[in-house]
Amino acid sequence: MMRILLCLYLLASLGQVANAALRGASRQSGNDHPRGNRRLAVATEIAIIGGVTDTTAKVGFRTSSSAQVKIRYATMMGLNNFMETSAVTTDAADDYTGFIELEGLGVNTQYWYKVVV
């Protein structure tokens with residue numbers, strides 16, 4: 001079986017995203033935070049690749065709170081002409097983890113991807 005190579009491609013480090021949320025740039029009003037403010041969910045775990053076949057691969061991830069997550073992937077490092085998956089919702093019942101299957105991958109082709117929260 002031919003393997004598909006997937007490389008993690010992050011446009012911004014998780015630390016930068018988390019810092020922006022902590023500065024309050026992404027706060028919204030809500031009642032699920034002790035002070036009445038809710039912070040934007042961020043990806044908290046590096047994505048895990050598994051279940052690789054000739055044309056598919058599964059990406060697992062975790063978020064800091066309930067969130068809609070998509071994955072963009074492409075054969076170019078800059079994610080030019082990227083493909084995007086449908087959104088998956090993470091929630092407390094699943095410990096804010098989720099999995100998305102990438103489809104239509106090519107044999108012996110290197111891919112870059114980005115988890116979009």
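This text walks through a predicted model, from overall layout to single residues. Local features are described where pLDDT is at least 70, and side-chain atom pairs count only at pLDDT 80 or more, while totals for chains, interfaces and linings use all residues. Residues are numbered from 1 along each chain as its sequence is written, and side-chain values use heavy atoms, with hydrogens and water left out.

Start with the layout. The protein has one helix and 10 strands. Helices (H or I, at least four residues) and strands (E, at least two) are DSSP runs, numbered from the N terminus. Read from that end, the elements run β-α-β-β-β-β-β-β-β-β-β. Buried residues make up 27% of the 117 residues. Buried means under 20% relative accessible area, exposed over 50%, and partly exposed in between (1.4 Å probe, protein chains only). The accessible surface comes to about 7200 Å², and 51% of this surface belongs to carbon and sulfur atoms. Such areas come from the Shrake-Rupley method with a 1.4 Å probe; for residues, only the protein chains shown count as cover. Contact means heavy atoms within 4.5 Å. Among contacts between residues at least 6 apart in sequence, 61% join residues at least 24 apart.

Now the strands. An open sheet of three strands has the order β4-β5-β9, with antiparallel pairing. Two strands pair if DSSP finds at least two bridges between them. The edge strands are β4 (48-50) and β9, each of which pairs on one side only. From one strand to the next, the twist averages 25°. Axes here are lines fitted to C-alpha atoms, for helices over the stretch in contact, and angles run from 0 to 180 degrees between N-to-C directions. β4 and β5 share three bridges in the antiparallel sense. Ile 49 stands opposite Val 59 in β5.

Another pairing joins β6 and β10, antiparallel over five bridges. Here Lys 70 stands opposite Val 116 in β10. β10 is largely enclosed by the rest of the structure, because five of its seven residues are buried.

The largest nonpolar core has 15 residues. A nonpolar core is a set of buried Ala, Val, Leu, Ile, Met, Phe, Trp, Tyr and Cys residues joined through side-chain atoms within 4.5 Å. Val 59, Phe 61, Ile 71, Tyr 73, Leu 102, Leu 105 and Tyr 113 touch the most other members. The elements giving two or more residues to this core are β5 (57-62), β6 (67-74), β9 (97-102) and β10 (110-116). β6 gives the most, with four residues.

Tyr 73 shows how such a residue is surrounded. Not counting residues up to four places away in sequence, Tyr 73 touches Leu 79, Phe 82, Met 83, Thr 85, Leu 102, Glu 103, Leu 105, Tyr 111, Trp 112 and Tyr 113.

Thr 85, one of those partners, lies in the loop between β7 and β8. Is Thr 85 buried or exposed? Thr 85 is buried, with a relative accessible area of 12%. Its side chain reaches the backbone nitrogen of Ile 71 at 3.0 Å. That is a polar contact: a pair of N or O atoms within 3.5 Å; within protein, one must be able to donate a hydrogen and the other to accept it, and residues adjacent in sequence count only if both atoms are side-chain atoms. Beyond its neighbours within four places in sequence, Thr 85 is in contact with Lys 70, Ile 71, Tyr 73, Ile 100, Glu 101 and Leu 102.

Thr 90 sits in strand β8 (residues 88-90). Thr 90 is buried, at 0% relative accessible area. A polar contact of 2.7 Å joins its side chain to that of Thr 63. Leaving aside neighbours within four places in sequence, the contacts of Thr 90 include Phe 61, Ser 65, Ser 66, Ala 67 and Val 69. Tyr 96, Thr 97 and Gly 98 are also among them.

Most residues other than glycine have a negative phi. Asp 95 has a positive phi of about 55°, and Tyr 96 has one of about 60°. Asp 95 counts as partly exposed because its relative accessibility is 43%. Tyr 96 is partly exposed at 26%.

End at Met 77, in the loop between β6 and β7 (83-84). Met 77 counts as exposed, since its relative accessibility is 52%. Met 77 and Trp 112 are 35 residues apart in sequence, yet their C-alpha atoms are 5.9 Å apart in space.
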